[in-house]
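Thank you all for coming. I would like to walk through one model this morning, beginning with the ligand site and ending with a pair of helices.

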Amino acid sequence: MIEITEIELGVTADMHVHLREGKMMELITPTVREGGVAVAYIMPNLVPPITTIDKVVEYKKQLEALSPTTTFLMSFYLSKDLSPELINEAAKIGAIQGVKCYPAGVTTNSAHGVDPNDFTAFYPIFEALEANNLVLNIHGESPPKKDSDDIHILNAESKFLPILSKLHSDFPNLKIILEHCTSQDAVEAIEKLNAGYKDGDKVTVAGTITAHHLSLTIDSWAGNPINFCKPVAKFPSDRNHLVKAATSGKPYFFFGSDSAPHPIEGKARHTGVCAGIYTQKYALSYVAEVFEKNNKLENLKTFVTDAGVSFYEVKDVKCSDKCWLVKDKFNVPEVISSKDVTVVPFKAGDELQWKVEWRK
Ligand code: NCD
Ligand code: ZN
């Protein structure tokens, strides 16, 4: 067998990225491209969250100033502050490509989120998204119930899945993404909603999968706050289903890193650690490693380029170079830092096999 030593990935896309604001944004935004990503879908969970056209336009400008060749796709945060008129207006000027739904209280900066047990108040928003061919991005975890142990971090995603099915049946043409799938149940739900999919059909319900959930399991974060994120990594069997889905070459599973940097102090607090894993700077290297180990490098381009670009119908991209991965060992640094902020990257200190190169 001939050993593959370089791979052309083209206009790569990471459809779930947190870039924050201020000093953290300045440090992290340029690392999107360094990690091999040309197109990035940016999450709106700032403090306060992004719910206006002015704010989203201004934020995009700041990101572009920090990384002019990265294509940033932008989003609003689903809340009562949105209206169908605002969605129509934002769609008309191309200010956003989607709206992110956070159930209240399930993750970082989700205090302004919604109650997913009753979405009906947001149906006019979903109608507007559907009419404008915009995406509904869902953090699919049910919030814990008051005075009950029914829902906890290990089953919160599975408990959410009936809500996803209902949304799809109420809005069959709305493009919905179950973000950062972590469980066998989630993979099976996406498969089920795509039953009957034939080559060339338009995908309406997709799942994104992160780099870290392709290797982490519950043992990796219990005891190590750097590997703690929401939804948490589950059991080895769940991880195996995620790897199978990601490497399958199916157009309804694609890459969304959920790279979510936190200052190192936030990962070492006695008052509770921040959820989120920073992967951006080596995003594609982490993913390639898993595909290679599973003898699936031939499907890597579908996962990190074609499926996401086609789902979002990305047209204009800012970068004319193509992303290549080249077999060339290196070690992940222990920290990524500026004089103001320090972040610990995923797999700090570990050796990775694939380096990013941008070529004409
Ligand atoms: C994200 C963050 O830090 O913003 N955290 C995380 O654990 N993934 C929010 C999110 O996407 O849930
Ligand atoms: Zn996220």
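Let me begin with a term: by a polar contact I mean a pair of N or O atoms within 3.5 Å, where, within protein, one must be able to donate a hydrogen and the other to accept it, and residues adjacent in sequence count only if both atoms are side-chain atoms. This is a predicted model, in which local features need pLDDT of at least 70 and side-chain atom pairs count only at pLDDT 80 or more, while totals for chains, interfaces and linings use all residues. Residues are numbered from 1 along each chain as its sequence is written, and side-chain values use heavy atoms, with hydrogens and water left out.

At the ligand, a polar side-chain atom of His 18 lies 3.1 Å from an oxygen atom of ligand 1, and His 262 likewise places a polar side-chain atom 2.9 Å from a ligand oxygen. For Thr 108, the corresponding distance to an oxygen atom of ligand 1 is 3.2 Å.

Staying with Thr 108, we find this residue in the loop between β6 (98-101) and α5 (123-131), helices (H or I, at least four residues) and strands (E, at least two) being DSSP runs numbered from the N terminus. A polar atom of the Thr 108 side chain also lies 2.8 Å from the backbone oxygen of Ala 275.

Turning to the helices, Leu 284, Val 287, Ala 288 and Phe 291 in α10 meet Leu 300, Phe 303 and Val 304 in α11, contact meaning heavy atoms within 4.5 Å.

Terms used: Chains are lettered from A and ligands numbered from 1 in the order in which they are written.
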